[in-house]
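Student: Please take a close look at one part of this model for me. I would like to follow how that part is put together, and then go through selected residues in it with their surroundings.

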Amino acid sequence: MSKRDVYEYALLRVVPRMERGECFNAGVLVYCRAQSYVAARIHLDEAKLRALDPAADIVGVRAALRAVEGVCQGGEAAGQAAGDDPGRRFRWLIAPRSTVVQPGPVHTGLTADPKAETERLLELLVH
């Protein structure tokens with residue numbers, strides 16, 4: 001059996017109308033300290049978004065989700081977090097916030113391949 005490392009993940013949820021409390025999963029954020037890995041994979045279901053809020057700002061929601069991907073990538077795409085290590089970027093992204101795109105609770109697991117795990121979680125929990 002290959003070596004497996006601990007990883008953490010959180011779902012990215014879209015909450016189009018805070019007062020109603022309705023949400024759906026639109027992405028997954030994965031961090032593996034042992035492999036210095038942090039990544040987000042996104043899938044915005046526009047039909048779900050429109051069903052919950054016909055007047056939703058789809059362009060704005062997409063931009064917020066792309067910003068999460070940018071912070072994960074680091075470098076210029078990460079903005080102010082550009083110089084932070086993957087762990088600090090992950091912690092910043094999972095901090096609670098009252099916006100349309102919100103992180104869910106953090107969960108843990110074991111994986112030998114965090115990139116493949118990110119894809120598996122996206123398929124299992126978002127699609």
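Tutor: Helices (H or I, at least four residues) and strands (E, at least two) are taken here as DSSP runs and numbered from the N terminus; in these terms, Gln102 belongs to strand E4, which covers residues 101-111. The model is a predicted one, in which local features need pLDDT of at least 70 and side-chain atom pairs count only at pLDDT 80 or more, while totals for chains, interfaces and linings use all residues. Residues are numbered from 1 along each chain as its sequence is written, and side-chain values use heavy atoms, with hydrogens and water left out.

The part to examine is the sheet that contains E4. Four strands make up this open sheet, with the order E3-E2-E1-E4 and antiparallel pairing, where two strands are said to pair if DSSP finds at least two bridges between them. E3 and E4 are the edge strands, each pairing on one side only. On average, and with direction ignored, neighbouring strands of the sheet are turned by 20° against each other; axes here are lines fitted to C-alpha atoms, for helices over the stretch in contact, and angles run from 0 to 180 degrees between N-to-C directions.

Within the sheet, strand E1 (residues 5-14) is joined to E2 by seven bridges in the antiparallel sense, and Tyr9 stands opposite Val30 of E2. Two helices pack on the sheet: H3 touches E1, E2, E3 and E4, its direction making about 155° with that of E2, and H4 (residues 114-125) touches E1, E2, E3 and E4 as well, with a direction at about 160° to that of E2. Contact in this account means heavy atoms within 4.5 Å.

Ser36, in the loop between E2 and E3, has a phi near 50°, a positive value in a residue other than glycine; most residues other than glycine have a negative phi. Ser36 is exposed, its relative accessible area being 55%, where exposed means over 50% relative accessible area, buried under 20%, and partly exposed in between, computed with a 1.4 Å probe on protein chains only.

Although E3 is an edge strand, five of its six residues (residues 37-42) are buried, so E3 is largely enclosed by the rest of the structure. Tyr37, which lies in E3, counts as buried at 17% relative accessibility. Residues up to four places away in sequence aside, Tyr37 touches Val30, Tyr31 and Cys32, together with Pro114, Lys115 and Thr118. With Thr118, the side chain of Tyr37 makes a side-chain polar contact of 3.0 Å; a polar contact is a pair of N or O atoms within 3.5 Å, where, within protein, one must be able to donate a hydrogen and the other to accept it, and residues adjacent in sequence count only if both atoms are side-chain atoms.

Turning to E1, Glu8 lies in this strand and is buried, with a relative accessible area of 17%. The side chain of Glu8 is joined to that of Arg91 by a polar contact of 2.8 Å. Apart from neighbours within four places in sequence, Glu8 is in contact with Leu29, Val30, Tyr31, Phe90, Arg91, Val106, His107 and Thr108.

Leaving out neighbours within four places in sequence, Val101 is in contact with Arg13, Val14, Val61, Ala64 and Leu65. The C-alpha atoms of Val101 and Gly60 are separated by 9.9 Å, although these residues are 41 apart along the chain. Gln102, with which this account began, is counted as buried at 19% relative accessibility. The side chain of Gln102 reaches the backbone oxygen of Thr99 at 3.0 Å, and, not counting residues up to four places away in sequence, Gln102 touches Leu11, Leu12, Arg13, Val15, Met18 and Arg97.
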